[in-house]
Amino acid sequence: MALELDSITVRYGRTTAVSDVSLSVADGEVVALLGPSGCGKSTLLRTVAGLEKPTSGSVRWDATDLAGVPVHRREFGLVFQDGQLFPHRTVAGNVAFGLRMKKVERETRDKRVLSLLELVGLEGYADRRVTQLSGGEQQRVALARALAPSPRLVLLDEPLSALDRALREQLAVDLARLLREAATTALVVTHDHDEAFTLADRVAIMSRGRIVQVGPPAEVWSSPVDVETAKFLGCNKFVPGSFVGLDVERVGLRATALRVDSDGLIEGTVVERVHRRDHVRLLVAIDGEEYEAVGPMAEVGDRVRLEIDLDGVARIG
Amino acid sequence: MGRAVAQARAGLSSRTGWSAAALLPLAFLALFFAWPVLAIVSLGLREGGVLSALADSDTWELVCFTLGQALASTVVAVLAGMPLAFVLARCRIRGLGLVRAAVMVPFVLPTVVVGLAFRTFWPDGGVLPIVLANAFFNVAVVARTVGGLWAHTDRRAEDAARALGASRPRAFLSVVLPALAPAIGSAAAVVFLFCATSFGVVLVLGGSRYRTLETEIYLRTVELFDLSGAAALSLLQFAAVLAVLVLGALARRRRETALALRDREELARRPTGGEWYVVLAAFAVVVALLTPVVGLVTRSLSTRDGWSLAGYVALNTRGDRGTLAVTGVDAAVNSLRTAFDATLVALVVGVFSAVVLVGLRRSGARFAEVLDTALMLPLGVSAVTVGFGYLITMDALPGDFRTSPMLVPLAQALVVTPLIVRMVLPVLRAVDERLRQAAATLGASPARVWREVDLPLVGRSLVAAAGFGYVVALGEFGATSFLARPDAPTLPVVIARLMSRPGELNSQMAYAACVLLMVVTVGCVLLIERLRVPSSGEF
């Protein structure tokens with residue numbers, strides 16, 4: 001294992017930000033720390049970077065304890081939510097910074113800077129001032145800057161949160177490709193599950209300072225460990241497994257779990273109807289309970305039959 | 001368990017590190033400020049008579065006059081500074097550069113020069129010229145401190161009040177003024193401090209009739225050798241200064257937390273309607289600020305026999321019948337050199353202190369407030385006391401420091417350091433901590449982070465602080481008048497000496513020397529203005 005976190009606890013005075021967290025990241029693996037804001041995931045990331053000292057527990061790299069290694073000797077790259085580019089340097093100056101710290105000679109450095117700018121899709125931006133860049137471009141430069149000195153591990157703290165939605169989705173895909181191509185070992189902090197699932201090989205769900213579940217995205221998505229996690233992952237209705245024909249005690253339903261279908265086995269009455277971009281969202285009463293459902297046109301008051309879409313169902317536990 | 005303890009200790013290590021670093025500026029203060037001042041005070045206490053001085057009704061008359069004139073000066077400075085603050089912060093009009101320079105120049109003019117400038121209008125001195133001269137100095141403090149905040153306060157709160165039916169004056173009184181209150185309070189505290197300890201102006205304009213604590217301390221130590229009396233007065237002054245400093249720190253803290261700040265660019269616009277009256281008032285203040293300066297230049301060129309350059313020519317001599325030990329030109333060169341050394345010392349101590357203060361605050365050490373206030377103390381303690389303290393303590397340092405050519409620069413550096421701290425600190429604080437962290441994760445050691453991130457970002461304000469410190473050192477009079485050796489006086493000392501001797505040539509030469517000093521000062525200020533450093537420096 002490349003990175004190993006061994007029962008890390010971080011306390012500020014009386015508050016415990018991170019509580020007894022253990023996690024490992026294998027060489028070349030991308031792990032996402034996913035959780036609502038304030039769950040301690042950023043603190044954990046900063047602890048790995050060496051910007052916070054754990055109250056107890058240890059951060060190890062290839063079995064070596066990093067407690068005595070200061071931030072600048074860890075060789076962990078860090079990308080902030082809002083870039084934090086050096087305003088007094090050009091794009092190239094920013095990207096070259098880590099290489100200069102490593103005393104890489106000029107020719108190699110220049111070449112590396114150009115290839116990284118190409119990698120993040122910013123060819124020809126070398127001499128621009130960073131203050132003239134858009135938010136998305138700034139994040140790309142921040143990423144190139146972090147990757148340039150070939151860090152052992154890249155830490156990304158909500159790398160896309162400051163961007164608007166369309167750009168975020170595009171960049172998430174680009175970022176996933178970049179991390180794979182460079183075979184980067186990375187730890188990503190995010191509160192957006194789409195982002196986590198796009199980027200990561202494994203997802204660690206954090207809640208109130210603890211890691212409650214770790215696993216591949218598909219597994220975490222389909223079997224959240226408890227109701228709270230399921231709610232965070234988009235489930236808004238909880239029913240016995242028998243309701244959807246599954247042999248588990250409880251399942252969580254997402255908005256897409258029920259679909260209007262004339263062959264469906266469940267019957268209900270449409271209570272409310274909302275038009276979305278590419279589908280209609282319905283509120284359907286079944287045996288006095290209201291459920292969300294996706295469907296074609298239907299009027300309020302209509303009797304409809306519903307089919308279960310297992311992609312929208314999460315087994316709890 | 002042992003491991004947990006070790007790590008808990010590591011968590012404290014940055015705080016401990018910064019606290020250790022804070023010891024350096026504190027040691028500087030202890031050696032070159034606290035020790036001399038305490039030596040003077042204890043000297044006074046030992047001789048007894050402090051109680052009798054405190055019981056003396058003359059003492060309290062002196063205190064009343066000192067505080068009264070300081071209060072009056074502060075009121076005048078605030079009233080005159082407000083329209084200027086408005087124009088600097090909110091108006092997009094022509095001649096703004098001129099306004100800015102005209103406001104800044106008086107603040108850095110040597111006190112002796114200002115005293116003489118006002119004497120060209122009130123040859124016999126008096127209370128009014130003392131108050132006006134003190135205010136003249138400090139209009140800049142009000143205009144820049146209040147203007148700095150005003151320039152970044154959201155105009156929309158005012159617009160909202162207007163939309164809710166408040167008249168323009170009403171909106172100003174109920175929305176704008178409360179928002180500016182912390183800056184006004186902080187500026188007023190500093191102005192009050194400067195006025196209460198002002199020395200050169202009162203000495204030149206008050207003569208023996210109007211005396212403040214500061215000039216009385218000087219007179220008692222130098223002319224009456226009444227050390228215990230002087231010590232008692234120093235103690236009184238110290239208590240007052242400390243109180244004002246604490247109030248100022250409180251006001252500053254509120255200002256740092258409570259405001260939604262915006263860029264000046266989107267707030268400045270052409271004045272409309274009634275705002276032109278404010279602009280008019282501001283320009284009236286500018287004219288009033290320039291009048292003494294013009295008067296001084298005129299006076300330096302006019303003699304009983306009409307216009308003449310005699311005073312300037314005389315700068316190359318030792319004055320009428322050898323009043324001075326060196327020529328005016330020699331003194332000028334010595335001034336420049338001394339101020340350079342002082343600035344260098346103050347820059348090193350000041351910048352180091354600012355860095356430590358930022359580090360301490362960041363690591364959450366309470367100690368930060370203590371260091372911050374301690375660094376401001378030399379501004380308010382009688383420079384005369386400090387100067388005299390040097391004379392009785394510095395011989396204890398290796399190599400008889402009293403005769404060292406570094407003595408005067410060190411005393412001046414003590415006065416300049418707080419100003420440098422106040423100018424550099426806000427800029428350093430404004431640097432996002434995560435920018436430093438980004439550099440660290442890219443492999444930059446703490447020293448390298450400072451060089452690669454902090455230094456380039458504060459560079460311009462550093463140069464401005466250096467220039468500013470240089471002119472203040474150039475004009476320093478209180479401590480220098482005590483410490484400068486007769487064979488190596490600075491220009492302000494020479495001016496005071498020339499004025500105290502009879503002979504038209506002497507006073508002519510003094511006025512010429514004033515103009516010379518003023519030219520150098522104005523040159524420095526214009527240079528700083530060209531650097532266009534954000535005007536939000538705190539004083």
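A: Let's start with a term: helices (H or I, at least four residues) and strands (E, at least two) are DSSP runs, numbered from the N terminus. In this predicted model, A:Ser7 lies in strand E1 (residues 3-12) of chain A. Local features here need pLDDT of at least 70, side-chain atom pairs count only at pLDDT 80 or more, and totals for chains, interfaces and linings use all residues. Residues are numbered from 1 along each chain as its sequence is written, chains are lettered from A and ligands numbered from 1 in the order written, and side-chain values use heavy atoms, leaving out hydrogens and water.

Q: How many helices and strands does chain A have, and how many are in chain B?

A: Chain A has eight helices and 18 strands. Chain B has 22 helices and two strands.

Q: What is the phi of A:Ser7?

A: The general idea: most residues other than glycine have a negative phi. A:Ser7, which is not a glycine, has a positive phi of about 30 degrees. A:Asp20 has a positive phi too, near 50 degrees, and sits in strand E2 (residues 15-25) of chain A.

Q: Are A:Ser7 and A:Asp20 buried, exposed or partly exposed?

A: Buried means under 20% relative accessible area, exposed over 50%, and partly exposed in between (1.4 Å probe, protein chains only). A:Ser7 is partly exposed, with a relative accessible area of 25%. A:Asp20 also counts as partly exposed, at 45%. For an exposed residue, go to B:Ala163, with 70%, in helix H7 (residues 156-163) of chain B.

Q: What share of each chain is buried?

A: In chain A, 50% of the 317 residues count as buried. In chain B, 56% of the 539 residues do.

Q: Why is helix H2 of chain A described as largely enclosed?

A: Ten of the eleven residues of helix H2 (residues 91-101) are buried, so the rest of the structure largely encloses this helix. Among those buried residues are A:Val91, A:Phe97, A:Leu99 and A:Met101. The cover comes from both chains: it includes helix H3 (106-119) and helix H4 (135-147) of chain A, along with helix H18 (433-441) and helix H19 (446-475) of chain B. After H2(A) comes A:Lys103, with a positive phi near 60 degrees.

Q: How many residues of each chain take part in the contact?

A: Contact means heavy atoms within 4.5 Å. By that rule, 29 residues from chain A and 23 residues from chain B take part.

Q: What area do chain A and chain B bury between them?

A: The size of an interface is often given as the accessible area lost when the parts come together. Buried area is that loss for two parts (1.4 Å probe), summed over both. Chain A and chain B bury about 2200 Å² between them, with 61% of it on carbon and sulfur atoms. A:His72, A:Gln84 and A:Met101 supply 25% of the area that chain A buries against chain B, more than any other three residues.

Q: Why does the radius of gyration of chain B agree with a compact globule?

A: The radius of gyration is taken over C-alpha atoms, and the globule rule is 2.2 Å times the number of residues to the power 0.38. For 539 residues, the rule gives a value near 24 Å; chain B has 24 Å, so the two agree. The C-alpha trace of chain B spans about 75 × 70 × 50 Å along its principal axes.
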